[in-house]
Amino acid sequence: EEKAIQESEKDLLFTGCQAKDSLAYIKSSSMSRTLSVFQLKKVCRQLNLDHSLVTDEDFTSFKILKLFQTGSAQYQTRIVAFLALLLGQGTVAEKTEELFEFFDEDASQTFSREEAFTMLEDMVELSAIKIPEAAVIDGKMLQEEKQRYTNKLLEAKDDFVQDFVLALMGNNQEISYNEFLGAFVNNLDFQRLLWTTGIRANLLRKSKLYGLFS
């Protein structure tokens, strides 16, 4: 199942793009909580992508983006940006910095336990629930197969989130950016969280009772 999901991920918007560039263009194109199709097309032009990826109903990327549409046929800016962050390319340091800024919503330059829980919950939602739909849309996986695989990943969700928060935060209520960066730079399990494939890999390892963050 994972192989089918990864094959379908290659066709999604932002895959192969530099995450920091995608995020910068998304931020400059939308000053609100939603993105219009016109604004998404502008982002595609800036990234030298075919705008058909967000306008052609035959493209997998279009069908996946529709999962994040609001009732007004616009897209939720935050989720599109998170998609760009986790599917995009970049060094560990670059993506960790973008991740920190993305979830440091109060711009405090510190990372709280609450923000850590929110980050993990959002990672699981996107990587283990939403993204696998691409394989179903592409015909590489049956809905029943996708649901079975997703359920297997979600079995480990609670322990996975708790272990990650403990490994990152210890007994602290807040940590600095440098502490956050150090955790990711120095630990492969943390680094996997910078990509959708890595998040699922960590969940799968946890579901099989392998240790994480050791």
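This is a predicted model: local features need pLDDT of at least 70, side-chain atom pairs count only at pLDDT 80 or more; totals for chains, interfaces and linings use all residues.

Trainee: Which residues touch the most other members in the largest nonpolar core?

Mentor: In soluble globular proteins, nonpolar side chains tend to be buried together. A nonpolar core is a set of buried Ala, Val, Leu, Ile, Met, Phe, Trp, Tyr and Cys residues joined through side-chain atoms within 4.5 Å. Buried means under 20% relative accessible area, exposed over 50%, and partly exposed in between (1.4 Å probe, protein chains only). Here the largest core has 62 residues, and L99 and L168 touch the most other members. Helix α5 (residues 77-87) gives this core its largest share, eight residues. Helices (H or I, at least four residues) and strands (E, at least two) are DSSP runs, numbered from the N terminus.

Trainee: What does L99 touch?

Mentor: Contact means heavy atoms within 4.5 Å. Leaving out residues up to four places away in sequence, L99 touches F82, L85, M119, M123, F180, F184 and L194.

Trainee: How many aromatic pairs are there?

Mentor: Rings of Phe, Tyr and Trp (its six-membered ring) pair if their centres lie within 6.5 Å; planes under 30 degrees apart count as stacked, over 60 as edge-to-face and the rest as tilted. That rule gives 11 aromatic pairs. One of them joins F102 and F103, with ring centres 5.0 Å apart and planes at 65 degrees, so this pair is edge-to-face. Both F102 and F103 are buried. The rings of F180 and F184 have centres 4.9 Å apart and planes at 40 degrees, so they are tilted. F180 and F184 are four residues apart in helix α11 (residues 177-185), about one helical turn. They also belong to one aromatic cluster with F100, F111, F164, Y177 and F190.

Trainee: Which residues are closest to the centre of the largest pocket?

Mentor: Rolling a probe the size of a water molecule over the atoms shows where empty space is left. On a 1 Å grid over the protein atoms alone, a pocket is an open set of points where a 1.4 Å probe fits, with protein on both sides within 12 Å along at least five of seven lines; lining residues have an atom within 4 Å of a point. Of the 16 lining residues, K27, R78, E101, F102 and E105 are closest to the centre. R78 is found in helix α5 and is partly exposed, at 33%.

Trainee: Where does Q109 lie?

Mentor: Most residues other than glycine have a negative phi, and most peptide bonds are trans. Q109 has a positive phi, near 65 degrees, and lies in the loop between α6 and β3 (110-112).

Definitions and conventions
Residues are numbered from 1 along each chain as its sequence is written. Side-chain values use heavy atoms; hydrogens and water are left out.
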